[in-house]
Structure formats: structure tokens, C-alpha cells
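Subject: Handing over the model

Hi,

Here is the structure I promised to pass on.

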Protein chains: 4
Amino acid sequence: MSDDHGDSANWLRTGIGASTPDAITIRGRDLARELMGTVTFTEHAFLLAAGRLPTPGETKLFDAVLVALADHGLTPTVLAARLTYLGAPESIQGAIAAGLLGGGSVFLGVVEDTARFLHAILDGLGADPGDDALQAAATEAVAEAVAAGRRIPGLGHPVHKVEDPRTPRLYALAAEGGLAGPHLDLLRHVAAAHAKATGKALPVNGAGAAGAALADLGFPPALVRGFAILARAAGIVGHLAEEMAHPMAMALYRDVEDRAVYVTGESPRRP
Amino acid sequence: MSDDHGDSANWLRTGIGASTPDAITIRGRDLARELMGTVTFTEHAFLLAAGRLPTPGETKLFDAVLVALADHGLTPTVLAARLTYLGAPESIQGAIAAGLLGGGSVFLGVVEDTARFLHAILDGLGADPGDDALQAAATEAVAEAVAAGRRIPGLGHPVHKVEDPRTPRLYALAAEGGLAGPHLDLLRHVAAAHAKATGKALPVNGAGAAGAALADLGFPPALVRGFAILARAAGIVGHLAEEMAHPMAMALYRDVEDRAVYVTGESPRRP
Amino acid sequence: MSDDHGDSANWLRTGIGASTPDAITIRGRDLARELMGTVTFTEHAFLLAAGRLPTPGETKLFDAVLVALADHGLTPTVLAARLTYLGAPESIQGAIAAGLLGGGSVFLGVVEDTARFLHAILDGLGADPGDDALQAAATEAVAEAVAAGRRIPGLGHPVHKVEDPRTPRLYALAAEGGLAGPHLDLLRHVAAAHAKATGKALPVNGAGAAGAALADLGFPPALVRGFAILARAAGIVGHLAEEMAHPMAMALYRDVEDRAVYVTGESPRRP
Amino acid sequence: MSDDHGDSANWLRTGIGASTPDAITIRGRDLARELMGTVTFTEHAFLLAAGRLPTPGETKLFDAVLVALADHGLTPTVLAARLTYLGAPESIQGAIAAGLLGGGSVFLGVVEDTARFLHAILDGLGADPGDDALQAAATEAVAEAVAAGRRIPGLGHPVHKVEDPRTPRLYALAAEGGLAGPHLDLLRHVAAAHAKATGKALPVNGAGAAGAALADLGFPPALVRGFAILARAAGIVGHLAEEMAHPMAMALYRDVEDRAVYVTGESPRRP
């Protein structure tokens with residue numbers, strides 16, 4: 001047994017999990033004896049992805065991120081899951097998957113987009129940039145985005161127009177744990193620079209703050225949306241529990257059918 | 001604001017989440033002020049589905065169940081997720097969803113099947129059946145299943161042939177927390193009755209014990225597979241993290257292509 | 001190159017497709033030279049699944065089945081696809097997949113359930129049973145299902161209460177092509193026996209007739225739902241085309257949000 | 001009944017399908033009386049998406065595109081579908097969906113990327129640009145992409161290094177039907193310009209030619225990948241038919257498990 005992934009001839013390797021007749025090993029730890037009853041599911045999810053257990057401070061911040069992203073009501077994602085459950089109640093995995101598939105660029109993708117945006121700026125700075133360097137970099141990146149007419153990820157929210165209540169809480173928890181790293185710091189500078197450049201103050205939204213926090217926890221930007229999806233899975237399971245007890249999907253479908261107008265003109269798109 | 005879901009005219013109701021410009025409310029609690037930084041993701045998932053927070057003992061057992069089910073290596077589910085990521089790395093939600101879709105009757109479905117099997121037996125007994133009643137009911141249900149040639153869910157494992165290491169750990173944690181309820185108790189009687197009836201001792205497998213534990217935590221059988229899917233999402237995110245750092249999916253595909261034999265005879269199925 | 005799938009050591013075999021630098025071969029035919037421009041997509045789908053090309057009569061019936069099942073309006077499946085597209089417009093495969101995931105036991109599963117039900121009855125009869133034998137077997141199977149309180153798949157429709165317009169058309173096309181086989185014949189007897197046994201005439205629904213027609217085309221019951229899913233994919237693509245031009249998903253979400261009542265009472269499920 | 005989608009108050013409208021007790025209407029046509037038995041599934045799919053029936057020449061080209069894209073062997077997509085079927089054989093829709101979810105940027109996305117790339121160039125030209133204008137625009141767009149180090153979509157193939165056999169066939173069929181429009185023409189100029197600019201001749205691949213053909217058939221670039229997904233669904237159903245008769249997924253899983261090396265070193269990523 002080796003500790004590296006090695007060359008291309010050795011592609012069939014994993015450091016995550018293995019089973020023998022007597023034991024299951026996860027990231028080098030005995031699942032039943034060392035992990036079950038000892039670590040929380042949050043710590044376990046961190047271990048699976050990062051290859052090490054989080055510190056107590058990291059766990060608290062990671063928990064807060066997952067709690068922040070799990071649910072906020074009857075979103076399109078939740079409606080898709082409930083409507084899918086209506087057609088295939090014997091396959092709850094399908095309803096959950098259908099709900100998660102809406103986690104794209106428009107909603108949950110913000111988590112990843114923000115992490116990528118901040119990461120790209122930080123890549124251009126040296127290690128451990130000071131606050132002045134972060135501010136200058138934020139000003140420059142915002143100016144470039146504004147000039148190009150690009151939206152800056154992580155800013156603004158259709159409902160929480162002044163402040164997304166999750167954002168200050170995430171910042172406070174990161175500060176408490178000594179975990180406010182360059183991504184979270186830079187995102188605050190980005191919001192300030194954007195307000196200054198455009199005269200329009202947009203709050204840092206919860207998804208953006210979550211993306212920055214996950215990046216400060218050491219996860220690569222390409223992965224962070226995966227945790228938003230994990231969080232959302234818990235929200236969908238909650239909604240499916242409610243759908244089982246108090247169904248709405250059939251009534252929603254009937255309501256749409258009753259109200260819909262059918263337009264039968266033929267498209268004149270081509271002669 | 002009312003506290004019931006009411007009649008059919010009032011189908012568009014949810015007790016899970018709501019947003020206002022200032023606050024997000026989850027199950028009647030302020031997300032940012034009462035939940036983030038206070039509850040773990042596990043407690044939050046329980047709250048979302050059950051409508052109440054778990055006790056500390058329930059949390060420990062629920063955490064152990066989720067940890068037990070998250071991952072055990074390069075399963076078909078994980079391979080499907082990695083192969084999907086290879087084709088659509090820009091849509092991590094698709095890779096996670098593809099992995100979860102394998103959570104059907106053959107693998108993760110055991111969690112639900114066991115809960116349903118035990119629940120149906122318990123439904124036929126009065127409230128709070130004694131141990132003798134459980135044993136008698138187990139003997140009868142096993143005899144019926146064996147006579148009909150039906151597999152009993154929750155027993156046996158292709159790798160852990162003598163004992164699934166997760167099972168005694170889940171029983172011990174349930175006992176510690178005073179949470180070993182009728183489903184867990186009955187499952188033990190079912191395994192004993194099966195060994196007696198067939199002369200072949202099959203261990204209670206981890207998925208079966210998890211299903212019984214989730215049912216003893218108060219979740220309906222139709223929902224319990226949802227938590228197995230949630231747990232598995234964490235495992236898949238871990239594997240995608242590894243796939244990003246040390247890819248294997250392309251090499252697996254090439255390996256299959258290189259080794260595959262093409263059979264070009266026409267099917268003679270119909271004249 | 002061999003023409004059988006061989007023993008367990010030779011599991012990595014396929015008779016479907018292969019590529020070389022110069023050619024792609026599908027089921028033993030050159031894709032570019034023999035199939036493209038020569039066969040329709042319907043014939044190609046038949047070839048892929050059955051391993052042979054259909055006759056002209058089979059093609060006509062198979063086309064009619066796929067056309068019958070593709071779409072019938074703003075179904076839950078279509079709504080799930082549109083809501084998923086709203087969140088992830090960059091991943092149209094996710095929206096299509098989300099729509100297809102609703103093709104379970106409640107809606108499209110009827111295609112498979114009917115084929116399985118008929119197949120099981122026919123399995124108990126000898127080869128080429130006469131009409132009297134089919135009628136007797138239908139009467140017996142219906143009596144058994146009615147006595148056990150089981151629904152008979154393929155009968156009844158919530159909208160088309162007297163006759164599903166697709167059914168007589170499928171029967172007429174099968175008859176024209178000389179393809180009305182034992183599954184279609186038996187299904188008609190099943191409907192008659194059900195009316196006689198219960199005094200309540202339920203029409204054979206389009207999904208049931210489609211399932212019987214696919215079984216008479218030689219496809220195994222376990223596969224027939226796959227064709228219903230293929231057909232539905234075309235309907236979903238149509239709806240996504242409309243969603244791009246005339247979006248409704250965001251307005252549907254806002255409408256649900258505006259009308260929804262939030263119920264914040266805590267669940268008293270457990271003390 | 002109106003023939004337009006109207007203002008924002010009238011968002012709940014569709015021109016695709018509707019049902020009454022007696023009839024199902026698709027795009028203004030009676031499904032049972034006008035479409036089933038009259039149009040092929042390919043024509044129906046075109047009608048659903050475009051709102052009108054295709055001409056015979058369009059049908060032939062559209063069929064060829066769908067046939068070209070349906071399958072080419074044991075791709076990652078097919079392996080994901082088979083592995084998912086292994087875990088959830090009772091939910092064939094899940095296996096199909098899992099397979100389709102790999103239709104992202106790396107493989108099937110080329111269809112859409114090519115259509116978008118060509119569409120953007122054509123947008124900058126007037127209506128009905130002559131061949132010289134197309135050539136000049138191709139040269140310019142290629143120069144820009146090469147200078148920026150961007151891959152040009154639709155060129156090159158890992159297996160068909162000299163010529164993708166599907167490409168000349170699609171061009172020939174388009175020419176026969178008088179349907180070789182500006183996208184197909186431009187793509188040929190793009191390939192030539194790329195060979196000239198880089199000294200390296202890359203063939204137009206089948207996915208790229210398919211994307212250009214679909215755009216010349218009048219479909220918007222954002223939709224064309226949907227047809228690639230539809231085509232692929234037929235390929236996946238074929239592979240699932242084979243998986244039912246000659247399973248390989250379990251053996252593939254066992255083979256991976258047997259050969260995999262477990263790497264248990266702890267990640268040193270963070271101190």
C-alpha cells in the first residue's frame with residue numbers, strides 16, 4: 001500500500017474508502033471504530049473531501065455554511081423535486097436528483113462563481129497579501145468587470161436587497177474561529193469597490209459569502225458548489241417529508257392545467 | 001398565519017421555509033440568528049424533515065447513521081458520478097445526481113426496504129409490544145418470507161459475511177442514547193429467527209441497521225432512503241474532489257474501450 | 001471477433017457500437033454509409049435495442065407509439081424540466097434528465113406495468129394461444145386482481161374517461177400491419193373482463209396500449225418504459241424550446257411564492 | 001383562444017399540447033387522427049420544437065443527425081447508465097437520466113458550442129452573406145481564437161484523426177436536400193482557415209457538423225444540444241437492452257474493486 005497516486009499506469013487508485021470482510025476504512029480511519037459515534041456528519045463530509053478532519057473552528061464554520069444553504073422555501077428546485085416525486089414516489093433518489101439538477105448557474109452556481117472570481121484575483125497576488133493589496137486588487141477587478149458589463153458574482157439578492165441575513169453571520173463565525181481568510185476579506189472589498197464604482201450598494205449575498213468561506217476552508221473553487229448541492233439535498237428531503245404528509249404537487253399540476261391557456265397558432269418561423 | 005395545512009382549498013402551504021427582506025425562517029426559527037452557528041448540519045437536516053430539533057442522543061445516532069452510509073469505496077454509484085463528471089465538469093450537480101440515481105433497490109434501497117418490512121410487522125402489534133411479542137412476530141414473519149421464497153431485507157452482505165462492522169456500533173450507540181426502539185429490537189429478532197429457520201446465520205447489514213435506526217428516530221419508512229441519499233451525496237463530493245486532483249474516469253473509459261470485444265452478429269431474436 | 005457474449009471471463013463485450021479511425025459500426029452496419037440517410041431515427045432506435053432493423057409495418061407501429069407518448073401538455077414532468085432549466089440553463093441535459101425522472105410508477109410506468117401484467121399471463125399459456133384461451137386467462141387474471149383489490153394496469157384515464165383517443169388508433173395501426181399480437185389482443189380481453197366483473201367500463205389507456213404494442217413488437221417488459229422515456233425526451237425538448245422563447249418557469253415560481261401560506265407551528269410528532 | 005403568448009400577465013400559456021376528454025392536440029393538430037400513423041417520430045420531434053412539420057428534405061437531414069449522434073460504443077455516458085441500472089433496475093428512467101447527464105461540455109456539448117460559435121460569426125454578417133464573406137469571417141474568427149489560445153469547437157476528434165465519417169455524409173445529405181445553409185458552409189471555411197493558420201489540418205467532427213446542420217434547420221443554438229441528448233437516449237436504451245440480456249456492470253464494478261489500489265496517506269493539504 002502506497003501513499004501517492006503515482007504515474008499514469010497506476011490510475012486505478014483511491015484514497016477515500018475500502019472494505020474488507022472485517023472493516024471499512026475511510027481516509028485511513030476505521031469507519032465503525034474511529035468515525036461512527038465520534039465525528040459528526042459534517043466532519044465526515046469534510047474528511048471525505050479534504051482527506052483530513054477539520055478543526056473545531058473549521059467544523060463550526062462549515063456547519064454554518066451547510067445550514068445556510070440547505071433551504072429557503074418553495075424554490076424552483078423544491079418544486080421540481082415535489083413534481084418528480086408525484087410521478088415516481090417509489091424512487092425517492094430520482095426526486096432528490098431532479099431537485100439538485102436545478103443547482104446551476106442561476107441559483108446555486110453563485111457559490112462556485114464567487115469562489116472562482118475571488119480565487120482568480122488572489123492568484124495574481126503574492127502569498128499573504130495585506131489588506132491594502134486586497135483593496136487595490138478588488139478595485140481593479142471591479143473596474144474591469146464594470147467596464148466589460150459583467151455581473152460580479154456574490155453581490156445582490158432579489159429578496160434581501162439591503163442585507164442578506166446570512167452574510168454577517170458567516171463573517172462573524174469566521175472571525176470568531178480565526179478563519180476569515182483572504183477570500184472572505186477580498187469579497188468585502190469587492191462589495192465596497194462595487195458600491196463606489198457604481199454608486200449602487202449591493203449586499204454580499206449568502207451564496208457568495210458561503211463560496212468565499214468554503215474557499216477559505218481550503219476547498220478548490222471547482223468543488224465548492226458540491227457542498228451547496230449537499231446542503232440542498234437536506235432541504236429537499238425535508239420538502240419530500242412534507243410532500244408525503246401534506247401533498248401539494250398534484251394540486252399544483254391541476255392548478256396549472258386549469259389556468260393554462262393553449263395557443264394553437266402555427267409558428268411562422270420558416271416559410 | 002395558521003398552524004395546520006388545512007383543507008384542499010389550501011394546498012399551497014409549507015411549514016419549512018420562508019424569506020422576507022430581513023430574515024429567512026426555517027421551521028419557525030430564524031435561520032441566521034437561531035440556527036447558523038448554533039445547530040449542526042445534522043440537527044438542521046433533522047429539523048427540516050421532522051419539524052423539530054433532535055435531542056443530543058438522537059443527534060448522535062442520526063450522525064452515526066449518516067456517517068455509516070456516506071461511502072465505502074469505488075462503488076457503481078461513485079463510478080457513475082466520476083464518469084459523468086468527465087463529460088460535464090461544468091455541472092457538478094449533474095455528476096452528483098447521476099451518482100445518487102443508482103441508490104435504488106439493489107444497494108441503498110435496503111435501508112427503506114428494511115424499515116418498511118419492520119414497520120409492517122410492528123403495525124400488526126399493539127403499542128409498546130414486549131420482547132416476547134417481538135420475537136414471536138419475527139418468527140412468524142420470517143417463516144412466511146422463507147416459505148414464499150422472499151429475501152428478508154437487512155440481512156447478509158457480500159463482503160461482510162460474518163458481521164457488518166457498522167451494525168454493532170449502531171446498536172451500541174442507540175443503546176447508549178436510550179434510543180433502541182422497536183425497529184432495532186425487532187430486526188435483531190428477525191436475524192435470529194432467520195438463522196434458526198434456515199440454519200444459515202446472516203448478519204444484520206449496515207444498511208438494514210441504519211433503516212431500523214432511522215425508523216426508531218421517528219421517520220416514516222418512505223422517507224428513510226432519502227437520508228441514505230443525503231449521506232451518499234457527501235461520499236460522492238469526496239470522490240469528485242479526488243477525481244479533480246487525481247482523475248481516473250478517462251483512464252477507466254480508455255481501459256474499457258481497449259479491452260472490450262465487439263460482437264457483431266445480428267440478433268436472431270425475430271424471424 | 002465472435003458472435004456470442006460468451007462466458008463470465010468475457011463479460012466486457014458489446015454488440016452495439018464500435019469506432020475505428022475510419023468507421024463507426026452500429027449493430028454490424030456502417031453508420032455513415034449504411035445507416036445515415038437510409039434509416040429513420042425510429043428504425044435506428046429499434047436497431048440499437050433489438051439488434052435488427054424493423055419491417056416497414058413494425059416501423060409504422062413503433063413510430064405511432066413514440067408519437068403517442070411524446071407529449072400531452074404541461075404535465076408534472078414538463079414543469080419539472082422547465083423549473084430545472086430556470087436554474088441551470090447552461091446544462092440542458094440536466095433539465096431533460098429532471099423531466100424524465102418523473103417517468104415513474106404513477107405516470108409513464110403504466111407502459112411497463114401493462115407489459116409485465118400481460119406478459120405474466122401469456123407466460124402461463126402455451127405458444128400461440130387461441131382467442132378463447134386469451135379470454136379465459138383474462139377473466140381469471142382480472143378476477144384475481146379484483147379479489148385482491150389490485151389495480152389492473154392499462155385501464156382508465158383521469159381525462160379520457162370514455163375512450164383514450166390514442167388507443168383505437170394504435171389498435172388500427174397494429175391491425176393494418178398484421179402486428180396485433182397476443183399482448184394487444186389480451187389487453188382488450190382484460191378490459192372487457194374488468195367491465196364485466198366490476199360493472200364499470202374503463203377504457204384501455206394510451207400508455208397501456210403502447211406497452212402492449214411494444215411487447216408485441218418483441219421488446220421485453222423491463223425495457224418498454226425506456227421507449228416511453230425516449231418519446232418523452234422529444235416532448236421535453238419541445239417544451240424547453242418554448243421556454244427559451246416564452247418563459248414561464250420564473251413566473252410560476254413567483255406565483256407559487258406569492259400565493260403560498262407559511263405554516264410555522266412546530267410538529268408535535270415526538271415529545 | 002389566442003395565437004400569441006401575450007404580456008406578462010398571461011405567462012401561463014403553451015402552444016405545444018392540450019387534452020380534452022375526447023382529444024389530444026399537439027401544436028394545433030389532433031394527435032390520434034392527424035399525427036399517429038401519419039408522421040414519423042422524427043417529424044413529431046421537429047413539430048414539437050419548431051411548431052411546424054419539416055419538409056421531406058429537412059426530415060431526411062434531421063433523421064441523419066439523430067442517427068449520427070445516437071451511439072458509438074461503450075462511452076462514459078453508456079457506462080454511467082449501465083452502472084446506475086445495476087443499482088436501480090426498477091427505475092429505468094434513472095439509468096437513462098444518469099447517462100444523459102454526461103452530455104456536457106466535453107462530449108456532446110460540442111454540438112451546441114459549434115452552433116453558438118458559428119451563429120455568433122453569422123450574426124456579425126448581413127443577411128445572406130456570399131461565400132467570400134463567409135471565408136473572410138472564418139479567417140478572422142479563427143485568427144482571433146488562435147491568438148487567444150481558444151479551442152475552436154467542431155474541429156478534431158480523438159479517434160477519427162483524418163476524417164470523421166459522419167461529416168461528409170451529413171454535408172452530402174444537406175446538399176442533396178438543398179439545405180446546406182450558412183452554418184454548414186461557414187464551418188467548412190472555419191476548418192480550412194484553421195488548417196491554414198496553424199499548419200495542422202483538423203477534420204470537422206460529426207458533433208460539429210451535426211450542430212451546424214441543426215442550426216441550418218432553424219433551431220436556436222441554445223436548443224441544439226437537446227437533440228443530441230434525444231439521440232443519445234436511443235443509444236442508452238439500446239445499451240440497457242443489452243445490459244438486461246448480457247450484463248456487464250456488476251463485472252465491471254468487481255473488476256475495478258479487484259484492481260484498485262487504496263492509498264491511505266493523509267492529505268497534508270493544510271497544517
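Below is what I found, going from the chain pair to single residues. Please keep in mind that this is a predicted model.

**Chains C and D**

Let me start with the pairing of these two chains. On chain D, 78 residues are in contact with 78 residues of chain C. Helix H11 of chain D (residues 221-245) supplies the largest share of that side, with 17 residues. Sorted by class, the side of chain D that touches chain C holds 46 nonpolar, 22 polar and ten charged residues.

How is chain D laid on chain C? A turn of 180 degrees with a shift of 0.0 Å along the axis does it, and the RMSD is 0.0 Å. This is the relation of a two-fold axis. The same surface serves both copies, as 100% of the contact residues of chain D recur in chain C. If you want a landmark for the rotation axis, go to D:Ala97: of the residues of chain D, D:Ala97 comes closest, with its C-alpha at 2.3 Å.

**Helix H4 of chain B**

Next, please look at helix H4 of chain B, residues 76-87. With twelve residues at 1.5 Å each, the helix should span 16 Å, and the 17 Å between its end C-alpha atoms agrees with that.

Is H4(B) enclosed or open to the outside? Twelve of its twelve residues are buried, so the helix is largely enclosed by the rest of the structure. The buried residues include B:Pro76, B:Arg82, B:Thr84, B:Tyr85 and B:Gly87. As a reminder, an α-helix has 3.6 residues a turn, so residues three or four places apart point the same way.

What do the buried residues of H4(B) pack against? Within chain B, the partners are helix H5 (92-100), helix H11 (221-245) and helix H12 (249-259). From chain D come helix H4 (76-87), helix H5 (92-100) and helix H12 (249-259).

**Sheets in chains B and C**

Chain B has an open sheet of three strands in the order S2-S3-S4, with antiparallel pairing. Strand S2 (17-19) and strand S4 (29-30) are its edge strands, each pairing on one side only. S2(B) is joined to strand S3 (residues 24-26) of chain B by three bridges, and B:Ser19 stands opposite B:Ile24 in S3(B).

In chain C there is an open sheet of three strands, ordered S2-S3-S4 and paired antiparallel. Its edges are strand S2 (17-19) and strand S4 (29-30) of chain C. Three bridges link S2(C) with strand S3 (residues 24-26) of chain C, where C:Ser19 faces C:Ile24 in S3(C).

Most residues other than glycine have a negative phi. Two residues are worth a look on that account.

- B:Arg27 has a positive phi of about 50 degrees and is not a glycine. B:Arg27 lies in the loop between S3 and S4 of chain B. Is B:Arg27 buried or exposed? B:Arg27 has 24 other C-beta atoms within 10 Å, so it counts as buried, the cut-off being 20 or more.
- C:Asp128 has a positive phi near 55 degrees and is likewise a residue other than glycine. C:Asp128 sits in the loop between helix H6 (109-123) and helix H7 (131-147) of chain C. With 7 other C-beta atoms within 10 Å, C:Asp128 is exposed, since the cut-off for that is 12 or fewer.

Technical notes:
Residues are numbered from 1 along each chain as its sequence is written. Chains are lettered from A and ligands numbered from 1 in the order in which they are written. This is a predicted model: local features need pLDDT of at least 70, side-chain atom pairs count only at pLDDT 80 or more; totals for chains, interfaces and linings use all residues. Two residues are in contact if their C-beta atoms, placed from the backbone, lie within 7 Å. Helices (H or I, at least four residues) and strands (E, at least two) are DSSP runs, numbered from the N terminus. Ala, Val, Leu, Ile, Met, Phe, Trp, Tyr, Cys and Pro count as nonpolar, Asp, Glu, Lys and Arg as charged, and the others, Gly among them, as polar. The expected span of a helix is 1.5 Å times one less than its number of residues. Two strands pair if DSSP finds at least two bridges between them. Copies are superposed by least squares on the C-alpha atoms of residues with pLDDT of at least 70 in both.
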